[in-house]
Amino acid sequence: MRAALLAVTASAVLLAPAPVAAAAAAPTPVAATEAAATGAAATGAAATGAAATGAAAATGAARCPRVPAPAMSRPPRPSPPPAVPEARTVGGAGLATSGLVVPTGAGTPPAITATSWLVADLDSGKVLGGCGPHEYGTPASVQKLLLAATMMPRLDPAQTVTVTAADMNIEPGSSAVGLVEGGRYTIETIWLGLLLNSGNEAANALARLGGGSDGAAGGVRAMNEQAHHLGALQTHAVTPSGLDGKGQFTSAYDLALIARACFAQPTFRRYALTQLATIPAQPAQRTKGFQIQNENQLIYRYPGALGGKTGFTDLARHTYVGAAERDGRRLVVTLLGAEPAPMRGWEQGAALLDWGFSLPRDASVGRLVEPGELTATPSAAPSAPSALAAPGPPRPAAASGPAGTGSGWLWSVVALSGAGVLALLGGLLWHRRRRLPGQIDNRPRHP
């Protein structure tokens, strides 16, 4: 019995989310008027919105403000992995909802088509509000931010590399920047092709270059290790580009953690605000040079924009990550499962940023966990603000562990609690089995 109690206590201590700062306002489920399409005939995005509304109602969660999107056919949404309750409370128990969570007294967020979203402060880490922040979603090209967070500190932007045939193996008709097999480009040029034009062949090349002897597969494994290190426990990458793959998921909360790591890197911030770049000519391949333009309209149309990333696939629909600064305050917005009408993804992000900037600086419903916090021992949990809170030199890349399947994202919580329980049980058993005078010590010995 005593051992069982110790086990429960250890699990509770290890799995409990860190408390939100005392100054933060308590989150409250705010009822909001939702103009969602209804009726059994609704299909496509309208059906998705209705399903999300039903899920929120079934769990007692407040409905997220939504506007109806044009009905359209789309592939069936992939089934997410089984929910891990502890992963849904990362950042605070108030974030474990399929519905709306906003600070007490906050105004109603704008009505949009995205199925889930989150707004957070890049510097303080405060989460200002969200809709289903820990609901699984398909990332599309915003997954390229995880590639950037993983590989940008590892790769020398001045190095010239050669594009391979494997790099060019992308889905026909998907986004490409225009690199050519055998072409020689600086890594900086490839990064610009990735972030400005969402080049999928650029993603393959960068994953290969940063993946060590395992090539692109090693790069994807490193991405999953980085997601785990950042605390993005609901994120699992299958492709480096975000092209759809079985078992590939993320959440609005995880995307905010990943974006925060990206915007902590000066090189990323510079690339994200680059409007034009040149892809050089390749004489050996007889291709001319050409210019590319940043596809993120936020940097042209939103005052104080810091950049971000757009994404789209048939399964994911439109996804978006964007950040902006106003009055010395930097906010990031993430959204999944949006439709382009009546507002495009970046416009929905801009509306949520406006809402976030309207809130008091101490408003909060949770927080972004710090890198390494969920894998550290309780005594090693960070007590000071993260290095991600302010601009500075790029952080060194997380060390890669042994080769594996990348499934640590799903088992991380189990591993944490299991290690603590085994340690406590081991101590208890040692205490109870101490050798008494006259007894033979037959305890097992470990090298």
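Which residues lie nearest the centre of the largest pocket? In this predicted model, in which local features need pLDDT of at least 70, side-chain atom pairs count only at pLDDT 80 or more, and totals for chains, interfaces and linings use all residues, the residues nearest that centre are Thr-310, Gly-311, Phe-312, Thr-313 and His-318. Residues are numbered from 1 along each chain as its sequence is written, and side-chain values use heavy atoms, with hydrogens and water left out.

The protein chain contains twelve helices and twelve strands, taken as DSSP runs numbered from the N terminus (helices, H or I, at least four residues; strands, E, at least two). Of its 447 residues, 50% count as buried, where buried means under 20% relative accessible area, exposed over 50%, and partly exposed in between (1.4 Å probe, protein chains only). The protein chain exposes about 19400 Å², of which carbon and sulfur atoms supply 59%; accessible areas come from the Shrake-Rupley method with a 1.4 Å probe, and for residues only the protein chains shown count as cover. Among contacts (heavy atoms within 4.5 Å) with a separation of 6 or more, 73% join residues 24 or more positions apart.

A cavity is a set of points where a 1.4 Å probe fits but cannot get out, a pocket is an open set with protein on both sides within 12 Å along at least five of seven lines, and lining residues have an atom within 4 Å of a point. Grid points are joined across faces, edges and corners, and a volume is the space filled by probe spheres set on the points. The largest pocket holds about 550 Å³ of space and is lined by 29 residues. Strand 9 (305–313), strand 10 (317–326) and helix 11 (345–357) each supply at least two residues of this lining, and the largest share, five residues, comes from strand 9. By class, the lining of the largest pocket divides into six nonpolar, 16 polar and seven charged residues; Ala, Val, Leu, Ile, Met, Phe, Trp, Tyr, Cys and Pro count as nonpolar, Asp, Glu, Lys and Arg as charged, and the others, Gly among them, as polar.

Five cavities of 30 Å³ or more are found in the whole structure. The second largest cavity has a volume of about 50 Å³, and its lining comprises five nonpolar, three polar and no charged residues.

Helix 8 (residues 252–263) is largely enclosed by the rest of the structure, because twelve of its twelve residues are buried. The expected span of a helix is 1.5 Å times one less than its number of residues; for helix 8 this gives 16 Å, in agreement with the 16 Å between its end C-alpha atoms.

Several backbone features were also noted. The peptide bond from Ala-341 to Pro-342 is cis, with omega near 5 degrees, and Pro-342 is placed in the loop between strand 11 (329–338) and helix 11. Arg-286, although not a glycine, has a positive phi of about 60 degrees. Arg-286 is found in the loop between strand 7 (276–279) and strand 8 (290–293) and is exposed, with a relative accessible area of 81%. Arg-317, likewise not a glycine, has a positive phi of about 65 degrees. Arg-317 lies in strand 10 and is buried, with a relative accessible area of 7%.

Terms used. 1 Å grid on protein atoms, 1.4 Å probe; cavity = no way out; pocket = protein on both sides within 12 Å on 5 of 7 lines; lining within 4 Å.
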